[in-house]
Structure formats: C-alpha cells, structure tokens
Amino acid sequence: MARLIVMGGGVSGHTAATFAKDWLGDEHEVVVVTPNSQWNWIPSNIWVGVGQMTKEEVVFSLAPVYEKAGIDYRQAKAVSIHPNGGENGDKEYITIEYTGQGKEGQTEELTYDYLINATGPKLNFGATPGLDEGHTVSVCTADHAVHANLELKKIFEKAKTEKQKILVGTGHGMCTCQGAAFEYIFNIEHEANKAGVRNNLEIKWISNESFLGDFGIGGLHMKRGGYAASSRLFAESLYSERGIPWIIGAHVSKVEAGKAHYELLDGTTGEEEFDFAMLIPPFAGVGLKAYDKDGSDITDTIFAPNGFMKVDAKYDAGAYENWKASDWPRTYQNPTYANMFACGIAFAPPHLISKPMTSPNGTPINPTPPRTGMPSGIIGKAVAHSVCDLIREGNNAHLHEASMAEMGAACVASAGKGLTDGTAAALTVYPVVPDFEKYPGLGRDLDYTFGEIGLAGHWIKHILHHMFLYKAKLKPGWTLIPE
Amino acid sequence: MVQKLVIYPDDRMNCTSTDVRSFNQTLWDVIEDMRDTMQAHDFNAMAAMQIAYPYNIILIKEGENYHEYINPRIIKNEDLFDSEESSIHYPDVTVSIPRYGKIKLVYEDRNGQVHYEDIDDRELAATLQRKIDITFGGNILDKVNKNTREKILSALAGKGLMPQTDDVCPTFSKKDYFVSFTDKLLILMGLSLFTPLFKFSKETVENIYTFDKIAFPLIIALMISFFFYAQYEAKKYKQCSSCQIGNNIGVMVKRSVAALAFAIGAYFLVNPY
C-alpha cells in the first residue's frame with residue numbers, strides 16, 4: 001500500500017486528493033493535511049463581502065466529506081519536508097502541527113511515498129507596512145469577507161449623511177488576484193446603488209496593473225470582427241460608466257489609518273485617503289522548510305526564493321524577450337525529488353505573464369501570474385493522475401501534463417447577486433499563458449477567446465457557485481463536473 | 001516605405017497590438033514605414049496598426065521630429081473634457097469623446113529604454129489616448145453611445161462602406177428556428193394550464209395532458225440541440241456577440257426552466273389521472 005500525502009485542502013489540493021482517492025480506491029492511502037476545518041468556494045467570498053451571502057453558504061466542513069471518501073484527514077499545518085528521511089531511517093516524511101481535531105499544537109511525523117504540495121499561498125500582509133494592522137480589509141478568506149461586509153455596512157450607514165471614500169484594489173506592487181478586487185469594487189458599487197448611498201460614495205480603484213484589465217495575464221480579449229480587442233477597452237468603459245476613477249501602475253508602499261501611500265511606475269509617490277479600503281495582499285509561499293537526512297537545510301533546493309515549490313519549469317528564461325510558452329511547467333514534478341509535485345498557487349511560476357515593469361527606484365510594479373480557479377483545479381487533477389499512474393505502473397509511468405500555456409480559463413466577474421438585476425463580464429482566454437510562437441501576435445487562439453457582458457454571464461456565476469460546491473462535497477456524479 | 005492605410009470597413013483595426021519585445025531592426029523598419037506614411041499623408045500622429053502592423057508603437061510628429069512611443073501605458077489621468085475627434089479609419093466622421101487633458105505616460109524608446117512623460121496639453125493628450133486605444137483594438141466609435149455608433153455606421157453603409165458579410169453575424173441564423181419552435185411549444189404548454197377553467201371532455205383533457213408530456217422533453221431536447229448548433233454557428237461566424245456561450249446558456253436555461261415550471265403546473269392542474 002502506497003501513501004500519498006496532499007498538503008493543502010483548497011481548490012487544487014481538494015481536487016487532487018479526492019480524484020486520487022477515487023482512482024486508487026482502498027488499495028492505497030490518501031492523506032490530506034490542511035490547517036482548515038472547512039472548504040471555501042473562494043469566488044463567492046465576493047458576495048459574502050457585500051452581505052449578499054452568508055459564510056455558511058460558501059463553506060462546508062471537510063471532515064465528513066473526507067470520511068465519506070475514505071481520505072485520512074489531518075487538520076494540521078505542514079511544517080517541514082524531509083525527502084531523504086531523518087534520524088530514524090531513509091523513509092521520506094513530513095512534519096505537521098495540528099490546528100484542530102483536539103490535538104492543537106501537537107506535532108507528528110507522517111511518512112509518504114508521494115507528496116503533493118497544494119498549500120496555496122500565505123497571504124503576505126506583512127509585505128506592505130500597515131497592511132496587517134487592520135486599517136484595511138480583504139476578501140481572501142470567508143472570515144475576511146464577513147469582516148469586510150461588517151465594515152462596509154458601517155460605511156454605507158455613514159454615507160446616508162456624509163461623504164465617504166472607498167478604495168479597492170491591490171495592496172502591493174507584486175500582487176495577483178486583480179480579478180477578485182475588480183469584482184468586489186463593482187459589487188460595492190452595485191450594493192451602494194441599491195442602498196441609495198452611491199451619491200455620497202467616492203469609489204476608487206488602485207492596482208499594480210500597467211493597464212486596466214491586465215488581470216495578471218497581459219489582458220483578456222474580446223472577439224470583434226474576427227479580431228480580438230483588449231479587455232482594457234471594456235474595463236475602462238465599465239469604470240467610466242460607473243463613475244469609478246482609477247490609479248494604475250501603483251505599488252502600495254504603506255498603509256496608515258485612513259491613508260494609503262503608493263509609488264507609481266514613474267517613481268513618483270502619492271497618497272490616497274479612504275474611509276474603507278479592501279486591498280488584496282501579495283502572495284508568498286507558506287514558509288515550508290525542507291531538511292536533508294542529516295538535518296541540514298535544503299529549502300533552497302526544493303523551493304524558489306518566494307517560497308513556492310520548484311517544478312519542471314524553465315527558471316532561467318532570462319529577459320522578457322526570451323520568454324516562451326515552453327518555460328511553463330507541464331507535469332509539476334519537482335526536479336530533484338520525483339515523488340514530489342506541486343499544484344495550484346504552490347508551484348513556482350518561471351516568470352510573469354504580464355509585461356514586467358519596474359519604477360526608476362527599482363520597485364517592481366507588475367501583477368504576478370494567477371494560478372487560481374480553473375487552472376488550479378485542472379493542474380490538481382493532472383497531478384493526481386500522474387501520482388496514481390506512478391503508484392500503479394511504477395516509476396516509468398507517463399506523467400500527465402497540464403501546461404498553463406496549453407490550457408484555457410474562464411473568468412466570470414459578476415456585480416450583484418439577484419437573478420434579474422445582476423450583470424457579469426464572462427470571458428474565456430486560451431491559452432492562459434500566451435504562446436507567441438504558436439499564435440503570433442497576441443499569443444492567444446481567437447477561436448477560443450470570447451467575452452460577454454450581461455445577465456447571462458451573471459447566471460453562469462450562480463451556476464458555478466452551486467456546481468462547484470456540489471462537486472467539492474463529492475455528491476453523486478461529482479467526477480463528471482469539469483474543473 | 002509608404003504603406004497602405006487601414007480604412008473602414010477593413011476591420012483589422014479591431015485587433016489588439018502586441019507589445020514590442022525585441023528592439024531590433026524589425027522594429028526600426030516598422031517605425032520607418034510609419035514615418036514615411038505619415039509624411040506622405042501629412043499626418044501628425046499614427047499607431048502602427050493604422051498601416052496594419054500589429055505592434056504597440058505610436059509616432060507623434062513634433063515640428064520636424066517624430067516622437068516614438070513604444071509600448072506606451074497611461075498610468076495616471078485627470079482633467080476630463082470633451083474632445084472633438086476624427087479618425088483616418090472612419091472617413092469624414094467627427095465625434096465628441098470624453099478624454100483626459102493631463103496624462104502620465106510610461107513608454108519605451110526604440111532601444112528599449114524606459115521613459116516617463118507628463119503631458120498636460122489637451123490636444124496632445126487626447127491624440128495619445130486615441131492612438132493608445134488603437135493599440136488595444138479600440139477606435140473612436142467604441143467611445144460613443146450605441147445610438148451614435150449605429151447612426152454613423154448606417155451613414156457609412158449609405159456610402160457603400162460596410163464590413164464583409166461573410167465575416168459578421170447574420171441577422172437571422174438557423175439556431176433561431178430552435179428558439180422560435182420552442183417558444184411556440186411553451187406558449188401552448190402555458191395555455192394548457194388554463195384547462196381546468198373549461199369544461200372539456202375527459203378525452204380532450206387527456207389529449208392536452210399528453211401534449212404536455214410530449215412537449216416538455218421535446219423542449220429540453222430542442223434546447224440541448226440549440227446549444228450545440230449555436231456553438232457550431234459561433235465558430236462559423238467570427239463576429240457575433242449573440243453567438244457567445246453566455247447568451248446561448250441563458251437562452252437554453254431560461255426556456256428549460258419555463259418548460260419545467262409548465263410541466264409541473266400541468267401535472268397538478270391538467271393531469272386527469
């Protein structure tokens with residue numbers, strides 16, 4: 001019997017673990033180590049953040065789901081990896097520290113045959129001074145979103161009698177997840193209109209994108225007349241129509257009570273006052289350490305400097321003009337340890353997708369590559385497939401591939417929650433990482449690139465919410481629902 | 001070399017230009033062609049796409065010099081005003097567009113060196129915004145309301161200027177037959193719910209209920225067929241906002257839900273058994 005340990009129980013880890021267990025059956029063991037007791041459908045946190053959904057609607061308890069699936073669930077955080085074993089032998093193991101199940105604070109060693117790192121990101125609020133001091137809110141977790149809604153409602157109450165300033169966007173020059181902030185700002189605007197306080201609200205966008213609608217992937221495209229116009233056009237239209245001014249190319253360098261300081265791409269600085277701010281923090285690796293058999297630190301061998309796990313990517317691609325689609329990983333296997341994989345946000349990307357930009361002061365101000373949502377699930381499933389084949393067929397088994405340069409993604413950004421009054425921008429992009437050799441020019445295949453704004457897209461957002469929660473709960477037919 | 005201008009109805013202007021990644025002779029040749037074309041037509045500004053080079057390059061004539069903006073981005077703007085604008089792409093069209101009078105630009109030169117520029121001249125700022133829109137696949141008609149746009153396109157069509165018909169969405173497509181037939185079935189299913197109000201014979205009620213039992217799965221089948229046919233059509237016609245998957249799913253779900261509601265209604269109201 002082989003043991004697969006999946007570190008992390010988010011979209012990617014949960015997908016990997018549940019498919020692996022489904023394919024492996026009772027012959028082999030699947031262990032999930034995650035510090036969380038609940039699974040969270042993160043895209044719907046936006047609705048929680050404006051009070052249109054409760055936390056309970058976007059989360060569910062993992063324990064009963066894993067019990068039903070036959071997965072060994074440990075509510076614990078992974079602390080270190082020992083790929084060559086330790087004092088007690090050569091068997092590889094990880095150390096974990098429990099955060100629940102009545103064993104809080106206890107540590108344990110878990111041996112493994114295969115390891116999938118799907119720990120997701122550390123929300124690195126500390127990267128921006130003041131961002132972790134409670135002056136701003138976030139919607140990155142369900143609890144954060146609940147808090148954001150409470151603060152937002154206070155602002156709406158105040159706005160009944162006085163002007164209030166709202167600032168939404170990214171809280172650092174190296175953030176990703178602009179899409180979440182984009183969706184949140186339009187939901188705030190939508191709810192403000194419903195509450196009748198829009199006229200007393202100054203809502204402003206701030207982000208590290210060099211153009212509106214970059215979203216960390218160099219923009220999406222909307223097909224018109226056989227050609228593709230940039231998402232910048234529709235994004236600027238949306239912001240203009242709704243009276244939302246924007247600051248872009250901005251690195252938020254410091255946050256104080258009611259004030260955000262920022263540096264622009266030209267090196268100049270500015271500050272923006274706010275009564276309410278939702279600023280997405282940058283992501284980093286969760287801080288896992290790795291040790292050799294003799295106890296020496298080999299973290300640098302397994303992890304990139306940003307804390308994400310090295311996989312089969314080309315990390316020495318060099319300057320922007322040399323970047324290729326083939327730089328991106330295909331199997332997500334660690335180059336040093338063949339029984340170790342990473343998926344979702346946990347893998348280290350080879351470089352940015354958007355054009356790299358730096359201020360004259362040397363501050364990088366550009367979105368980092370998103371590895372969330374649809375690609376995250378697809379990669380998790382591919383990695384699970386590879387591990388299952390390795391277990392059953394041995395080390396020569398063919399590894400499954402899921403390159404982001406050969407993968408499409410759908411993005412639905414919705415404003416409002418009502419079935420008749422919501423609106424959404426629904427876009428697909430193929431491939432996520434532009435392939436300039438295969439698709440000269442934009443690097444994208446226009447046959448699979450489209451965009452739509454309207455009520456129908458909004459319904460898709462609703463459908464996705466229910467469909468993915470159904471799938472994640474492993475209800476009948478869950479394997480048929482695509483990632 | 002002077003290049004041919006991209007004039008409406010040539011819709012290559014809708015193409016997003018790619019960022020320049022290599023600063024070499026290819027780039028310099030494009031710039032040279034842009035300059036030659038500008039001189040030949042006495043233009044004071046040009047985006048590379050206006051002569052069908054899909055690169056993120058803009059040239060602005062300043063006196064005898066040509067200022068080159070490679071991969072320009074506007075990172076700050078203020079002083080919104082209405083700018084009266086025309087475009088080489090749309091002959092004899094002038095529209096009023098909200099533009100910013102002060103902008104902050106970041107761009108690269110022909111050697112890839114990054115530069116920053118504050119522009120507070122309204123005319124120059126508006127010109128740069130117009131040209132940058134082109135590099136992102138936009139044009140002046142994207143900045144006006146739908147009615148104005150349609151009037152202008154109609155006027156251009158009156159002059160014989162209109163896009164190639166094989167490249168645009170047809171005004172009527174075969175997928176509409178699915179929708180039309182489904183709607184008629186839905187109307188009949190809806191009408192069948194009024195059966196209890198009339199004193200029909202048992203046989204008639206049974207026939208109406210049989211119709212409902214056939215119509216419901218038929219509508220579901222029609223909508224599934226509609227979806228797949230619509231997807232085929234969306235690939236066949238390159239320009240078609242109504243062909244896109246969001247709309248197709250919306251059409252399918254809306255009618256399927258209505259059919260389900262009518263079927264449930266028929267089960268309770270019409271069912272003679």
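What follows goes from the fold of one chain to single residues in both.

The model is predicted, so local features need pLDDT of at least 70, side-chain atom pairs count only at pLDDT 80 or more, and totals for chains, interfaces and linings use all residues. Residues are numbered from 1 along each chain as its sequence is written, while chains are lettered from A and ligands numbered from 1 in the order in which they are written.

Start with chain A. It holds 9 helices and 24 strands. Both are DSSP runs, numbered from the N terminus: helices are H or I with at least four residues, strands are E with at least two. The radius of gyration of chain A, taken over C-alpha atoms, is 22 Å. Along the principal axes, its C-alpha atoms fill a box of roughly 65 × 50 × 45 Å.

Of the 483 residues in chain A, 55% are buried. A residue is buried if 20 or more other C-beta atoms lie within 10 Å of its own, exposed if 12 or fewer, and partly exposed in between, with C-beta atoms placed from the backbone. Two residues are in contact if their C-beta atoms, placed from the backbone, lie within 7 Å. Among contacts in chain A with a separation of 6 or more, 67% link residues 24 or more positions apart.

Now look at one sheet. Four strands of chain A form an open, parallel sheet in the order S14-S11-S10-S18. Strands pair if DSSP finds at least two bridges between them. Strands S14 (246–247) and S18 (276–280) of chain A stand at the edges with a single partner strand each, so one side of each has no neighbour in the sheet. Strand S10 (residues 164–170) of chain A runs parallel to S18(A), joined by 5 bridges. Thr170(A) stands opposite Ile280(A) in S18(A). Helix H4 (residues 142–158) of chain A lies across S10 and S18 of chain A, at about 150° to S18(A). That angle runs from 0 to 180 degrees between N-to-C directions; axes are lines fitted to C-alpha atoms, for helices over the stretch in contact.

Where are the cis peptide bonds? One runs from Tyr430(A) to Pro431(A), with omega near -10°. Pro431(A) sits in the loop between strand S23 (423–429) and strand S24 (450–454) of chain A. Another joins Tyr8(B) and Pro9(B), with omega about 15°. Pro9(B) lies in the segment before helix H1 (25–41) of chain B.

Next come positive phi values. Tyr332(A), not a glycine, has phi near 65°. Its place is the loop between helix H7 (299–302) and strand S21 (340–342) of chain A. Tyr332(A) counts as buried because it has 29 C-beta neighbours inside 10 Å. Asp79(B) is not a glycine either, and its phi is about 65°. Asp79(B) belongs to strand S3 (residues 65–86) of chain B. With 12 C-beta neighbours inside 10 Å, Asp79(B) counts as exposed.

Finish at Met13(B), in the segment before H1 of chain B. Met13(B) is buried because 25 other C-beta atoms lie within 10 Å. Beyond its neighbours within four places in sequence, Met13(B) contacts Val6(B), Met49(B), His89(B), Ile134(B) and Asn139(B). The C-alpha atoms of Met13(B) and Ile51(B) are separated by 9.3 Å, though 38 residues apart along the chain.

Notes
Rg over C-alpha atoms; globule rule 2.2 N^0.38 Å.
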